[in-house]
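Student: Hi! I'd like to go through a model with you, one piece at a time. Could you put it up?

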Amino acid sequence: ENGRQHFEFVCSPDGNLVHEEIPVHRREAQNINDVQIRELARVGTKIEQSSGCSQQLRWAMVKDQVFLV
């Protein structure tokens with residue numbers, strides 16, 4: 001299962017982050033749409049060009065906004 005996420009952080013009703021297992025049916029589904037994939041590729045390419053080499057990036061997305069973490 002290379003590349004598949006098994007856990008996620010979700011916001012609980014009291015506002016705390018909770019570490020939860022992702023159900024199998026969601027692990028196997030595409031999690032981001034084509035527009036979001038293109039935005040990630042654009043950001044990654046821009047970072048690679050400015051640094052002069054490929055980079056391993058960690059990211060999060062809220063709606064269509066990409067955040068590097």
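Student: Which residues are exposed on the other side of H2?
Tutor: Arg38, Lys46 and Gln49 are exposed there. Exposed means over 50% relative accessible area, buried under 20%, and partly exposed in between (1.4 Å probe, protein chains only). This is a predicted model, where local features need pLDDT of at least 70, side-chain atom pairs count only at pLDDT 80 or more, and totals for chains, interfaces and linings use all residues. Residues are numbered from 1 along each chain as its sequence is written, and side-chain values use heavy atoms, with hydrogens and water left out.

Student: And which residues of H2 are buried?
Tutor: Those are Gln36, Leu40 and Val43. Looking down the axis of H2, they fall within an arc of 65 degrees, so they line one face of the helix. The arc is taken over the directions from the helix axis to the C-beta atoms.

Student: What covers them?
Tutor: The cover includes strand S3 (59-62) and strand S4 (65-68), where contact means heavy atoms within 4.5 Å. Helices (H or I, at least four residues) and strands (E, at least two) are DSSP runs, numbered from the N terminus.

Student: Nice. What follows H2?
Tutor: Gly52 does, and its phi is positive, near 85 degrees.

Student: Switching topic: how many salt bridges are there?
Tutor: Three, a salt bridge being a side-chain nitrogen of Lys or Arg within 4 Å of a carboxyl oxygen of Asp or Glu. One of them joins the side chains of Glu8 and Arg26 at 2.9 Å, N to O. That pair links distant parts of the chain, with Glu8 in strand S1 (residues 7-11) and Arg26 in helix H1 (residues 24-27), 18 residues apart.

Student: What about Glu21, which residue does it form a salt bridge with?
Tutor: Arg27, with the closest N and O atoms 2.9 Å apart. Glu21 counts as exposed at 51% relative accessibility, whereas Arg27 is buried at 11%.

Student: And where do Glu39 and Arg42 sit?
Tutor: Both are in helix H2, three residues apart, so about one helical turn separates them. Glu39 is partly exposed at 23%, and Arg42 is partly exposed at 45%.
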